[in-house]
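Visitor: I want to learn how to read a model like this one. Where shall we begin?

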Amino acid sequence: MARRHATYKKILPLLRKMREDSGLSQRALSRKLRKPQGWVFRTETDRRRIDVLEFVAWAVACGVDPVKALKRFAESL
């Protein structure tokens, strides 16, 4: 597993928070995204990297405005 940049690791809690705040389990989110549950797990635990299109889909599936979520993340850096 490649080492991720420290800044990238800061997005992981945001992904999990969006999912948990929406009341979705990893399995429920994976169904919405049409991905295996392990994909969600690996993304949240830094075993795979999420790209911007996946971030947008993740936020939308959680009922979160992706632009606002990304802006909030950028402001936290």
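Guide: Start with one residue and its cover. At 37% relative accessibility, Leu 70 counts as partly exposed. Buried means under 20% relative accessible area, exposed means over 50%, and partly exposed lies in between, with a 1.4 Å probe and protein chains only. This is a predicted model, where local features need pLDDT of at least 70 and side-chain atom pairs count only at pLDDT 80 or more, while totals for chains, interfaces and linings use all residues. Residues are numbered from 1 along each chain as its sequence is written, and side-chain values use heavy atoms, with hydrogens and water left out.

Visitor: Which helix holds Leu 70?

Guide: Leu 70 lies in helix α6. Helices (H or I, at least four residues) and strands (E, at least two) are DSSP runs, numbered from the N terminus.

Visitor: How many helices and strands does the chain have?

Guide: The count is six helices and zero strands. Read in sequence order, the pattern is α-α-α-α-α-α. The radius of gyration is 12 Å, close to the 11 Å that the globule rule gives for 77 residues, so the chain is as compact as a globular protein of that length. That radius is taken over C-alpha atoms, and the rule is 2.2 Å times the number of residues to the power 0.38. Along its principal axes, the C-alpha trace spans about 30 × 30 × 20 Å.

Visitor: How do I read the chain's contacts and surface?

Guide: Take contacts by sequence separation. Contact means heavy atoms within 4.5 Å. Among contacts with a separation of 6 or more, 60% join residues 24 or more positions apart. For cover, 40% of the 77 residues count as buried. The accessible surface comes to about 5,100 Å², and 55% of it belongs to carbon and sulfur atoms. Those areas use the Shrake-Rupley method with a 1.4 Å probe; for residues, only the protein chains shown count as cover.

Visitor: Which residues have the most contacts inside the largest nonpolar core?

Guide: They are Ile 11, Leu 15, Met 18, Leu 29, Phe 55 and Trp 58, in a core of 20 residues. Such a core is a set of buried Ala, Val, Leu, Ile, Met, Phe, Trp, Tyr and Cys residues joined through side-chain atoms within 4.5 Å. Two or more core residues come from each of α2 (11-21), α3 (26-33), α4 (37-44), α5 (52-61) and α6 (66-76). α2 gives the most, with five residues.

Visitor: What does Trp 58 touch?

Guide: Leave out residues up to four places away in sequence. Trp 58 then touches Leu 15, Met 18, Arg 19, Leu 29, Leu 33, Trp 39, Val 40, Thr 43, Glu 44 and Ile 50.

Visitor: And Ile 11: buried or exposed?

Guide: Ile 11 is buried, at 9% relative accessible area, and sits in helix α2. Beyond neighbours within four places, Ile 11 contacts Phe 55 and Phe 73. Val 52, in helix α5, is 18 residues from Leu 70 in sequence and 9.5 Å away, C-alpha to C-alpha. Val 52 is exposed, at 52%. Ala 6 and Leu 70, 64 residues apart, have C-alpha atoms separated by 17 Å.

Visitor: How do I read the buried side of a helix?

Guide: An α-helix has 3.6 residues a turn, so residues three or four places apart point the same way. In α3, the buried residues are Gln 26, Ala 28, Leu 29, Ser 30 and Leu 33. Their cover includes α2, α4 and α5.

Visitor: Where does the backbone take a positive phi?

Guide: Look at two loop residues. Arg 34 is in the loop between α3 and α4, with phi near 60 degrees in a residue other than glycine. Asp 46 is in the loop between α4 and α5, with a positive phi of about 65 degrees. Their cover is read apart. Arg 34 is exposed, with a relative accessible area of 79%, whereas Asp 46 is buried, at 6%.

Visitor: How many positive and negative side chains are there?

Guide: Lys and Arg count as positive, Asp and Glu as negative; His and the chain ends are not counted. The chain has 19 positive and 8 negative side chains, and the centres of the two sets lie 4 Å apart. Each charge is placed at NZ of Lys, CZ of Arg, CG of Asp or CD of Glu.
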